[in-house]
Every structure is written in C-alpha cells, then in structure tokens.
Amino acid sequence: MRLKHLRIEPLGEAGWESPLLTFGHRTTLIFAPNGSGKTPVLQSLAACLGFPSKFREDILGKCAAATLTADVEGKDLVIRRAFASGQKEFTATISFEGTTSEHFSEATFSTALFAVLGLTPPALVSTNKQATQPYISTVLPLFYLNQGDGYTAAYKAPASFIEDQFVEMVRFVFGLNPKHSYDVKKSLIEEKEALEAINRKIVVLQRQVETQSQGLDLTEGNRTALAHRVATLSSQIDNLRASVDASGAANSTLTDLLRQKEQQIRTAQTELSELQSRIAGIETIRSEIEGEISTLGLNEEARRVFISFQEICRAPNCGLFVGSSESYGKNLLYLRDQLKDLERNAARAEVRAELLQARLSELTADRNALAAKLGSPESGSIDRLVSAVHELTKQLVETEGQRASIEATDSERSKLFRLEQERSRIHDRIEELSASGRTDNEFNRLRVRLRELAVKWMDILEAQNVPRNVDIDLEFRFRFGAETLDLFSGSTKIRLVLAIHAALFEHYISEPSNPFRFLILDTPKQQELHTSDLAKYLTALESLCLANNAQLIISSTEYNHPTLQWDTRWLPSYKGQGRPMYLGRPADRISAQ
C-alpha cells in the first residue's frame, strides 16, 4: 500500500479544510513552525489508517472528516474517517474495487482493511486469556512514530490488550506463526481433554483384556493346535456319519474320546496341584513377611522406649535414632508392597484353581459317561454312534468357543494397541502445541538480521556509548550489552528507537509483497538530536525507500530537509494569526499545493 492523497473536509461553511495533499514518490516533508497545524494533518492520516488519534476540540468542531487515497496493487483504496462523531466513536468507510463498506468499530474496520491488503489476522490470546485479533492500531506503531510517546519505547501502541503484543505484531507483519495462538491454546485444551478420555478408555479396556485372557493360552502354538483340533473333530464327525460299520466306528471313537478325557483329567490335576502348591507357598511367604512387619514394629517400639530414657537421649530430637527411624519407614513400605503383590498373585491363582476344579468335575463326569456307554451291554450300535457324535460335537463347540474367545481377545488387544497409538499421537501433539511459538528457525533468522540492521542504523545515528552487541530475546526486547532500552534516556534513547524502527522497516520492505510501504516520523525531538545525525539518518532512509518502492513521511519543525524530484513538500496554505496554517477556511487559502 502506497499513499497517494490526503484531504481534510470542513464541517459547515465556517469549517476548516486542507487542500488535496499529494504524497511524494519517495519523501513527503511537512515543514513549518510550531502552531501551524502539522500535528492534526498527521493525526488525520493516522486516523484514516484506523489509529485512534486524539484531536483537540477545535479540530472536532471545525473538521468533518479526512479522506485518504492509497494504491494497493495498482487499484485505488479510499478511506474516509469522520471526526465530528466525537473522540470515542468510530465511523469510517472503505471503498475498494467498486465496493464501499461502512464501519462503526475499529474491529470491523481492521478486518476489512487487512482483507484489502491480503493479510489474514491470526486468532491471538488477549491479556485476559480470551480470543482476540490484531487491529490496524496495534500494527501501525511499527510504521508510525507519533509525536506524543512514539519515541519513548521500541513499540508504543494506544492500547495493549494482546499478550506479548509487540512480538505478536512483529510476527504478524513478517508472516510468522504467532507466539500465543488462541487456536493453538484451544487445540491444546481439546487435546488434553482427549488424552484424559483415551486414558480412561485404555484403563477399562486393559481390565477387559486381562479378564478375557484369564485361562486362555494365546500362544501361536495353541492357536495352531486348536485349528488342527477343529479340523480333526470335524473329520471324525464326518467319518462317523459316512461309516458303513457304525458299531465299530462308534466304539473306536468312544475309546479314543475316553483316552483323551483321561489325559485331560491328568493334565488338569497336575496344573491344579501346582496351583495349590503355589497358593500354599504364597501363604507361607505372606506369613513370613507379616512376621517381619511385626518384628519391625517391635523394633520401633523399642526405639521409642530408648528415646524416652533421659540417660540415653537427653536433648529433644537428639537424632540418635534418625537412621533407624528412616530405615523402619522404608522397610515397612517395601514389605507392604510385597504383601500387595502376593495378595494379587494369590487371588489370581485361587480364581484359576476354582476354574480348574470345575473343569475337572466336568471332565470326570464326561469320562464316566463315556465309560458307561462303552461298558454297557444294553447300549446298541446306534446309541453308541449317537453318543460318539454328541461328544465329538460338544468338543468341537468347546474348541470353537476357545478359538472365538482368543479371537475376541485379539480384537480387544488390537483396539487397545490402536488406543495406545492414538494416546502416543496425542502426547506428541500436546508437546508440539506446548512448544508452538516459543522459537522457530524463521523467527531466529529474523532476530539475527534485525540485530545486524540495528547496529547499522545505530552507527548512522552516531549512538555513542552504546554497546554494539545487540540482543533480541523471544519477547522482542532489545538489549544493548547488559542494558535494556528502558535504561537509556534523552538523545540516546531517541537514537535507539529510531534505529530499531529503521531496522524493522528496512527488513520489512526488502520483501516486495509486504503491503505497508511507508514509515511516518511525526516530529522527532530535534532539540535532542544533532542536525547532521538526523540528516544522515533521513538520507539513508530515503535511499532505502527509493530502492524498495517505499515512502517516508516526515514532520519537522526545525530541520528543513532538502527534497528532490521524487519528493513533495506540504506547506501551510491558509491565513492564520501570525503564521500560515495547514488547515483553514476556503476563503483564507493563500496558495495552492
């Protein structure tokens, strides 16, 4: 955005106006003595850009509005800002590409102007931790040093409502990710809530998997054996059904089944015996640990008795038994943890033993039924065949049931694995969001470059007795050696503020696509700067502007900076009391710009 024209409209017939003030291609110089009305002109320019300028009552009572025309990528942008509505009210219009929008708040005005300039303001965190976004008035202090307090700090906005506002505005105009993104903060809260929810799901699923897997052999060998067992049983059933010698086939099958049942009974009895021995061993170990705990308790009681004897420990808290007291606490905690582990193992073993006893009873009943069928002379070949098929089908159903239980457990374990993967992803996302905005390579490169440029402009301004080892921290606070900007005053502080803004401006306009192509200096305190230093500074800025299609707007009271063919001078054009004025009635105009 390059500035083209500015005009102030009168309020009524007796109101004050300005001529159509045309900005120079390179430099626009506003040069006149104090009291000529330079400040209202620059305030009007800033007001058109959304800055909350505070006009005196005579301006509000005599001027209706200011209209600024700017060039945005070869298209005219016209902004009209009304004055007569009062200091606290906001009325402005934006006309661009044949569309005019009216705005009654700085927020909507800023959003519309950012959109015209091709900027997307981020959602930031306000000082009260709510969502907010940049305004033009929070960005403009990077490109506008006002006469009042603009030279007292590296960044001086009319209001500070954004957390770490200076660094956020620098990040915004240079196209970097915000330091405190409200969207990131919101996402961080959402991810932490998601983490809590998924942790609860994982705990429930872990218990479910643990319960389902009790008594199941999940090894690959058992899976293969079960598959082989299903195939074998199915084949046996099919063979029985297709057999010609039904009696012989049934007897052979029942004999095999009886032998399998006896083998299963022996295996279950062996496992049950081992479990019972384990439970007994756990009970013995638990008794020994409880004895250790009792002994520890007796030792602690003895220690207390010894402490009570004045002959042994005369002074209160003498510390004689501190070591034994700490040892007692640690050993007691360790033994109680062991007891809890033993109790958990014993409970699992007892549950498994109960299941095995029920299984043994079932296997024994099945074995007795098979033996009765084989030994009964009354049972015919058909009865035996039916019994054999029934038993094979029962075993097939049980085997399929085991396979189904294993598959269900596998499915739950897969769900658990996916949940744990998702939890890991959420952990990584939280870590990423927590680190967002702290530092990044682009921001680090920006800081390095601005350090170099700040030193360059300090040399141009002859900033004496200021260390050249400049540092810029993550909050964009400038430090000169061991001193911050706040420690300087007078001419030195003004030189440093000017150097910082020139460094920001130089690096910013080096990118042709960046929209703000102007730097406004409203009456630097020339009484605190040598004329030669200010001249050298402005000349360097002019060369920078000419090379990078940018503009410099200067208001000056004492220093009459020379202008060339690329520049424009704004001189007072209306009769005043004792001196020409920049604003006046149309009838009092004495010259044309």
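## Briefing on a parallel sheet and its surroundings

In this predicted model, five strands make up an open sheet, ordered β10-β14-β15-β3-β16, with parallel pairing. The edge strands, each pairing on one side only, are β10 (144–145) and β16 (568–570). Strands here are DSSP runs of E with at least two residues, helices are runs of H or I with at least four, and both are numbered from the N terminus; two strands pair if DSSP finds at least two bridges between them. Residues are numbered from 1 along each chain as its sequence is written, and side-chain values use heavy atoms, with hydrogens and water left out. Because the model is predicted, local features need pLDDT of at least 70 and side-chain atom pairs count only at pLDDT 80 or more, whereas totals for chains, interfaces and linings use all residues.

**The chain as a whole**

- The protein chain contains 13 helices and 16 strands, and 42% of its 593 residues count as buried, where buried means under 20% relative accessible area, exposed over 50% and partly exposed in between, with a 1.4 Å probe and protein chains only.
- Of the contacts (heavy atoms within 4.5 Å) between residues at least 6 apart in sequence, 69% join residues at least 24 apart.
- The chain exposes about 30300 Å², of which carbon and sulfur atoms supply 51%; the area comes from the Shrake-Rupley method with a 1.4 Å probe.

**Strand β15 and its partners**

- Strand β15 (residues 551–556) runs parallel to β14 (residues 518–522), and five bridges join the two; F518 has Q551 as its bridge partner, while L519 is partnered by L552.
- Five bridges also link β15 to β3, again in the parallel sense, and L29 stands opposite I554 of β15.
- Six of the six residues of β15 are buried, so this strand is largely enclosed by the rest of the structure.
- In a regular strand, side chains alternate between the two faces of the sheet. Both faces of β15 are covered, with Q551, I553 and S555 buried on one side and L552, I554 and S556 buried on the other.

**Helices α12 and α13**

- Helix α13 (residues 531–547) lies across β3 (27–31), β14 and β15, and runs at about 155 degrees to β15; axes are lines fitted to C-alpha atoms, for helices over the stretch in contact, and angles run from 0 to 180 degrees between N-to-C directions.
- The axes of α13 and helix α12 (residues 490–509) come within 11 Å and cross at roughly 10 degrees, and the two helices are therefore roughly parallel to each other, a term for angles under 35 degrees.
- On the α12 side of their contact are R495, L498, A502, F505, E506 and I509, which meet D533, Y537, L541, L544 and C545 in α13. These residues divide into eight nonpolar, no polar and three charged, where Ala, Val, Leu, Ile, Met, Phe, Trp, Tyr, Cys and Pro count as nonpolar, Asp, Glu, Lys and Arg as charged, and the others, Gly among them, as polar.

**Helix α1**

- Helix α1 (residues 38–48) is mostly covered, with 10 of its 11 residues buried, among them K38, P40, V41 and L42.
- After α1 comes G50, whose phi is positive, near 95 degrees.

- Most residues other than glycine have a negative phi.
- E97, although not a glycine, has a positive phi of about 55 degrees; E97 is found in the loop between β6 (92–96) and β7 (99–103) and is exposed, with a relative accessible area of 53%.
- K129, also not a glycine, has a positive phi of about 70 degrees; K129 is placed in the loop between β8 (124–125) and β9 (131–132) and counts as partly exposed at 42% relative accessibility.

Note on methods. Parallel < 35°, antiparallel > 145°, perpendicular 65-115°, else oblique.
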